[in-house]
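Q: I'd like to learn how to read strand pairing and aromatic contacts in a model. Can you walk me through it?

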Amino acid sequence: MPTTGEVGYYNKRAIELSKQAYQEAGLLKKFAWMLLDVIDVPYKNQIQAVRVNEVIDGDTLSVNMDGVETKVRLLLVDTPESVGKYKDNPMAFGKEASDFTKQMALGKDAKIYFDGYDSYGRMLGFVEVGNTSINEELIREGLGKVRYLYERDNSNADVQYYRQLEQEAVDNKRGIWSIPGYAQQGDTDFEGGRFSR
């Protein structure tokens, strides 16, 4: 019987190979990624204890899970970019979102409720440090917006709660909502630009 760490490693390797095939296979790639979300993958719908080793940006972490380094993308929240082509010139509130997530999680033990994988092979999840949800706090502080709802039931309690938190941030002009026209509610990019990673 493989250990949890071995299962995580082999699952991650399978995702890497699937991603490579996705990039090479044209139309078949979308179908392959759809399958990843419906098959019974390790950790899906489970709470896992992890150690946060790196904060990549406001909505992406690298964690140690049973000895395997794994990237985790926060669910239902998207923060302005501060890495990649935005490293030297972060989007407005991108650095603040990244710093906020670092302050909350870096080097700390966390609990992650996993809910599948994205097209980059990252685990998707809700992340808590202590009893505090990073996903929720980013929305509450106006450092991110509710996004990527298209695969979730919009009557879902999580979605409704996150929309309520976002509306409070909008009403109080916190963070991204303090800049007129910078962010819009709904599944849109900041300033019409791309920040979907």
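Predicted model: local features only at pLDDT ≥ 70, side-chain atom pairs only at ≥ 80, totals over all residues.

Q: Which residue of β2 is the bridge partner of E54?
A: S62 is the bridge partner of E54 in β2. Zooming out, β1 (residues 47-57) and β2 run antiparallel to each other, with 5 bridges. The two strands make a hairpin, with 2 residues between them.

Q: And how do β2 and β3 pair, parallel or antiparallel?
A: Antiparallel, over 6 bridges, with β3 covering residues 68-74. Here V63 has T70 in β3 as its bridge partner. This is a hairpin as well, with 2 residues between β2 and β3. Have a look at D66 in that turn: its phi is positive, about 55°.

Q: What should I know about side chains along a strand?
A: In a regular strand they alternate between the two faces of the sheet. Now the case here: how many residues of β2 are buried? In β2 (residues 60-65), 5 of the 6 residues are buried, so to speak "mostly covered", with buried meaning under 20% relative accessible area.

Q: On to the rings. How many aromatic pairs does the structure hold?
A: There are 3 aromatic pairs. To read one, check the angle between the ring planes: under 30 degrees is stacked, over 60 is edge-to-face, and the rest are tilted. Y113 and F126 have ring centres 6.3 Å apart and planes at 35°, so this pair is tilted. Y113 sits in β4 (residues 109-117) and F126 in β5 (residues 123-129), so the pair ties together parts that are 13 residues apart in sequence.

Q: Is F126 buried or exposed?
A: F126 counts as buried, because its relative accessibility is 13%. Y113, on the other hand, is partly exposed at 33%.

Q: What kind of pair do F126 and Y162 make?
A: Their planes are at 65° and their ring centres 6.0 Å apart, so this one is edge-to-face. With F126 in β5 and Y162 in helix α5, the pair ties together parts that are 36 residues apart in sequence. Both F126 and Y162 are buried.

Q: Which residues form the aromatic cluster?
A: Y113, F126, Y161 and Y162 form one cluster.

How values were computed: Residues numbered from 1 in each chain as written. Heavy atoms only, no water. Buried < 20%, exposed > 50% of the residue type's maximum accessible area, 1.4 Å probe, protein only. Helix = DSSP H or I, 4+ residues; strand = E, 2+ residues; numbered from the N terminus. Pairing = 2+ DSSP bridges. Phe/Tyr/Trp six-rings, centres within 6.5 Å; stacked < 30°, edge-to-face > 60°.
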